[in-house]
Amino acid sequence: MEQNPYLPITMKLIKNMCETEDKLINTFTLQFQNKQDEENFKYMPGQFAELSAYGHGEAPFGIATSPTEPGIIKFSVAKVGCVSNALHLMEEGTMVGVRGPMGNYYPMEEFKGKNLVIIGGGFAFTTLRSMAVYMLDEKHRADYGDITVIYGARNPGLLLYKEELAEWETNPNINLVTTIDRPAEGWTKHVGFIPTITEQVAPSSVNTYAVVCGPPAMIKYTLPVLEKLGFPPERIYTSLEMRMKCGLGICGRCNIGPKYVCKDGPVFSMAQLKELPSEY
Amino acid sequence: MIMGETKPYEPKIAAFLCNWCSYAGADLAGVGRFQYPATIRTIRVPCSGRINPLYILKAMANGADGVLVSGCHPGDCHYMSGNYVARRKFALIDSLLKHVGLEEGRVNFSWVSAAEGVRFAEVVKGVTERVAALGPNTGVFKVDGGGTDE
Amino acid sequence: MKISKEKFGQSFDALTAEYQVVAPVSEAGAVNFKTAKSFSEVKQDYLNSKLPPKSLLFPQHEKLLSYVKEGKDITVKNELKVGKTVLFGIRPCDAKAMLLLDKVFKNDQYRDPYYFDRRDNTVIIGLACNKIAPTCFCSSMGISPACSEGSDLLLIDLGDSYNVEVITEKGKELLASLGELSELSAQEQALVDTVKSAQTTSKVDVSTITAKLDKMFDNSYWDTLHEKCLGCNACSFSCPTCHCFDISEEVIKSEGSRVRTWDACMAPLFTLHGSGHNPRDKKKSRWRQRMMHKFNYFVHNNGDIACVGCGRCIKGCPVNMDIRQAIDGVNKAEVVVD
Amino acid sequence: MNSIIDDIRAAARQLLADGKVDVVIGYEKGSLPLKSTPCFVRSPQDADKLIWDETCENNLATYAAQTAGKKAIIAKGCDSRALMVLLQENQLVRDDLYIIGVSCPGVIDKNKIEAETGEIIEATITDGKVSVKGIACDKEYNFADVKDATCQTCRYPNPVIVDLKIGGSVEVPQSDFADVIALENKSDAERKAYFKEQMSKCIRCYACRNACPMCYCQECFVDCNAPKWLTGGVDSAENLLFQTGRALHLAGRCVECGACSRACPQGVDIRALSRKVNKDVKEMYNHESGISEDIKPALNVYSADDPEEFLVKE
């Protein structure tokens with residue numbers, strides 16, 4: 001029988017963990033309930049899924065895990081609306097609904113043989129983490145060149161995935177640069193906004209792609225820096241956010257020009273975005 | 001229960017009670033063990049002036065068989081004039097709801113003070129009888145979940 | 001070939017046993033598409049329905065699924081239900097609109113089962129327009145008052161009988177159960193020819209609008225177009241091609257359902273992000289979206305303009321926003337060529 | 001009427017030329033017969049677009065708060081009442097507002113005509129006669145017979161607050177709440193059936209709310225997500241909840257312009273609800289909204305002896 005794309009699969013919330021000091025972002029670990037569901041849920045870094053908190057609604061979130069992590073998927077979600085609030089309050093063991101994977105993904109094929117500069121700000125680091133983990137996987141690491149991650153948050157407490165970041169610090173396969181906006185006690189790494197730090201770190205643009213995700217202001221000021229470093233628009237990628245409902249390119253709200261972010265995105269290159277109206 | 005015996009119909013009544021008088025009155029009724037039917041579901045509000053007409057409409061839409069709104073007697077408001085202002089609203093709500101076809105007795109308003117435990121029990125008894133006589137809510141605001149009239 | 005109305009009426013009544021037969025019915029002072037039990041209920045001399053028949057395939061409020069929560073567990077039930085339907089008497093503009101909706105509810109990746117399971121089980125009997133309203137402008141949209149596009153059978157009212165034209169296989173199958181056909185008289189043939197050659201009196205020029213709009217996103221035309229718009233959804237809800245929807249949850253205690261309801265680009269909430277950011281926060285950008293979507297984006301994605309010229313939005317607008325004038329305005333707008 | 005149009009245009013031209021206002025909000029000829037459409041005049045030479053006749057049915061006060069800058073507004077009696085309430089509720093800055101008052105003879109109920117003539121192809125209004133060429137038939141009407149229901153019961157056709165008054169005053173018709181009383185006198189079952197039928201037509205496009213000058217809430221209760229007062233359902237119960245909730249929110253504020261009913265593309269008798277509330281407000285609290293700056297809104301004040309008949313009978 002044909003799949004009904006509006007019907008979620010049921011997954012179990014096995015872990016509901018507070019991620020940041022301000023207690024506004026939690027990471028939810030969901031477990032597939034059968035092999036068939038997991039088989040059908042083949043995804044790539046950059047894709048998202050519609051997460052249902054039954055009784056409250058459904059909302060789209062980027063998948064924070066990598067397909068190299070079997071059995072589960074994770075989402076890191078900020079508490080802003082009806083659905084995210086319900087998720088934050090949800091007890092472990094509760095069944096939730098998941099529709100997906102949806103949308104396109106980072107062009108991992110195109111990235112092969114290239115160096116990657118991953119730039120993330122705040123909690124927009126979720127699908128970037130997925131991509132980094134994907135590339136660090138032993139099956140894939142050899143496909144890619146140098147991986148540089150520049151990741152910033154307002155303060156140390158707001159950085160996501162702290163344990164993993166600590167591991168990356170010492171991992172020779174990845175070059176991690178973390179920064180915070182203002183000096184904080186005990187912080188010995190970079191201090192400053194992402195664009196400034198990117199300029200300081202000055203990753204080479206030779207044979208390199210950049211992937212940038214973060215708040216609009218961060219992206220706005222980082223792009224000129226990348227341009228100065230010699231990244232052409234075709235080699236800068238980003239992932240967009242939009243209000244979405246169906247996730248199938250039908251309900252009509254997430255379009256930028258003729259493109260639906262849910263179906264044709266959320267991943268776009270700067271070259272693609274230049275062709276579209278600036279309505280996002 | 002013996003087969004064939006039917007349980008008497010017990011209406012569900014949403015009771016919006018002001019914190020300072022009617023809620024305390026309900027408390028007193030409890031402490032004093034004055035019997036009244038277990039038909040009300042109490043929602044405590046800071047003042048009868050806090051009642052939004054939508055509370056009443058939504059209760060009816062979601063299937064409450066009746067609504068009771070109760071506050072301090074006029075002149076006794078903890079916030080001086082909350083119930084005076086509420087009184088004007090209540091009169092208009094009551095009149096409009098009847099106008100659009102809601103049965104008289106579904107939505108009830110009263111003043112009960114903190115000292116009137118016995119009276120609170122009496123009011124609930126009276127309201128329960130009135131609502132019970134009307135039967136289950138099939139009224140103009142009852143949403144059946146169909147979403148369309150067809 | 002023709003069928004007498006008497007015979008058609010009998011067949012119509014017989015069809016109601018097997019099909020849900022939906023037809024124009026006069027109710028509460030307006031003609032709309034409703035389930036009809038008998039041909040006698042059908043309003044035949046109607047101009048067009050107040051609301052478009054899109055709701056038959058895409059209801060304003062529709063359950064997608066329902067569920068029951070028990071503690072931490074959940075039981076989800078698919079609410080997809082379909083029966084066979086005959087849609088009688090829809091006008092050529094609305095029949096064409098269904099073809100446009102088909103393109104929306106199926107794209108390169110997904111097919112909407114709620115829409116298509118209904119669609120595939122619906123036979124459409126179109127009814128050509130003998131009368132043309134001053135707000136009709138379908139002729140400018142590549143349709144005509146007797147256009148057969150989108151219908152399975154097309155009827156033309158000849159007074160006592162209908163001229164019948166078979167358009168699709170589905171129509172041919174249904175025709176078999178309608179009864180015998182007879183030849184047209186010369187006079188009737190002349191009437192058929194008149195109806196077929198009729199054109200709407202109101203016209204707009206959309207020949208270059210898509211290309212023009214390609215260059216108009218930042219045009220100052222949008223600065224004033226929207227000004228008198230109240231921002232309600234009257235135009236969208238009365239449009240046979242508008243298809244945007246919302247998905248929300250309706251819950252009482254532990255039982256709930258997920259429903260989809262019509263939504264429209266004119267509402268500010270339509271695009272509001274959880275963060276508070278809104279990419280289309282002004283009436284200006286929402287009107288631009290409406291025009292762009294109908295006359296540009298839709299063409300790029302689906303090869304057609306998403307307007308069939310039914311004129312409902314013109315009649316329904318509380319402030320007389322007239323899409324024909326909006327189109328003219330685009331045609332007249334000055335475009336800075338870089 | 002022509003001299004009124006000339007005077008309106010002249011006033012608009014002068015105000016714009018003198019830079020006293022940035023925009024004049026008035027009416028221009030619409031695209032359909034017997035329809036005018038709101039227009040925003042920003043330069044003196046455009047002032048000639050402005051018209052004034054029995055088709056000027058929109059309440060322009062709706063645009064007052066959402067239009068930036070200093071604005072002049074052509075105001076009928078009901079528009080001026082709406083502006084008055086908006087001023088009282090601090091939604092408008094008086095100094096940014098220039099009210100060009102025009103007495104209103106009432107506006108045409110186009111739907112009533114089209115119910116008989118079918119869609120109107122052509123129409124003219126001369127000397128109190130409306131001649132209509134319709135798709136079904138041609139007909140001539142006395143204006144008084146096709147006057148909008150709201151205007152039939154209007155008690156304030158003359159503007160209550162103006163900066164400039166154009167034209168003479170019109171006679172204030174005697175009016176009570178006969179329409180409401182007629183409905184009140186029906187049985188509960190009849191009224192219930194009436195409202196059920198009316199509400200079954202509503203498609204929740206919110207044209208009524210958006211056309212209403214008093215509906216300016218930043219977040220309307222119908223759009224509120226938490227709590228979710230309304231579902232997306234469009235059954236008559238859900239629609240009645242919306243319309244009743246709205247009518248109660250307008251209690252003591254409704255200026256009886258009828259913009260809601262005229263805006264309704266489905267012909268729902270929305271006014272029937274607000275009229276009832278208005279009658280109650282008048283009878284119980286002797287209040288009419290927007291008729292004087294000195295009168296406080298009915299629900300902002302109280303009296304120790306306000307009626308209490310609504311209390312539960314014990």
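How far apart do the C-alpha centres of domain 1 of chain C and domain 2 of chain C lie? They lie 25 Å apart. Before I go on, note that this is a predicted model.

I will stay with chain C for a moment. Chain C is divided into domain 1, residues 2–197, and domain 2, residues 209–332. The contact between them takes 33 residues from domain 1 of chain C and 27 residues from domain 2 of chain C.

Which elements of domain 1 of chain C each supply at least two residues of the side that touches domain 2 of chain C? They are strand S4, residues 61–70, and helix H2, residues 92–105. S4(C) gives the largest share of that side, with 10 residues. As for residue types, the side of domain 1 of chain C that touches domain 2 of chain C has 18 nonpolar, six polar and nine charged residues.

Next, the contact with chain D. Here 33 residues of chain C are in contact with 31 residues of chain D. On the side of chain C that touches chain D, at least two residues each come from helix H8 (234–237), strand S10 (245–252), strand S11 (255–262) and helix H10 (312–316). The largest share of this side comes from S10(C), and that share is three residues. The residues of the side of chain C that touches chain D divide into 15 nonpolar, 12 polar and six charged.

Now to chain B. How many helices and strands does the secondary structure of chain B come to? The count is four helices and four strands. Reading along the sequence of chain B, the pattern is β-α-β-α-β-α-β-α.

Taken along the principal axes, the box that the C-alpha atoms of chain B fill is roughly 50 × 40 × 20 Å.

Of the 150 residues in chain B, 55% are buried. Among the contacts in chain B with a separation of 6 or more, 82% are between residues 24 or more positions apart.

To recap chain C: S4(C) supplies the largest share of the side of domain 1 that touches domain 2, and S10(C) supplies the largest share of the side that touches chain D.

Technical notes:
Residues numbered from 1 in each chain as written. Chains lettered and ligands numbered in written order. Predicted model: local features only at pLDDT ≥ 70, side-chain atom pairs only at ≥ 80, totals over all residues. Domains from an automatic or database assignment. Contact = placed C-beta atoms within 7 Å. Nonpolar A, V, L, I, M, F, W, Y, C, P; charged D, E, K, R; others polar. Buried ≥ 20, exposed ≤ 12 C-beta atoms within 10 Å, placed from the backbone.
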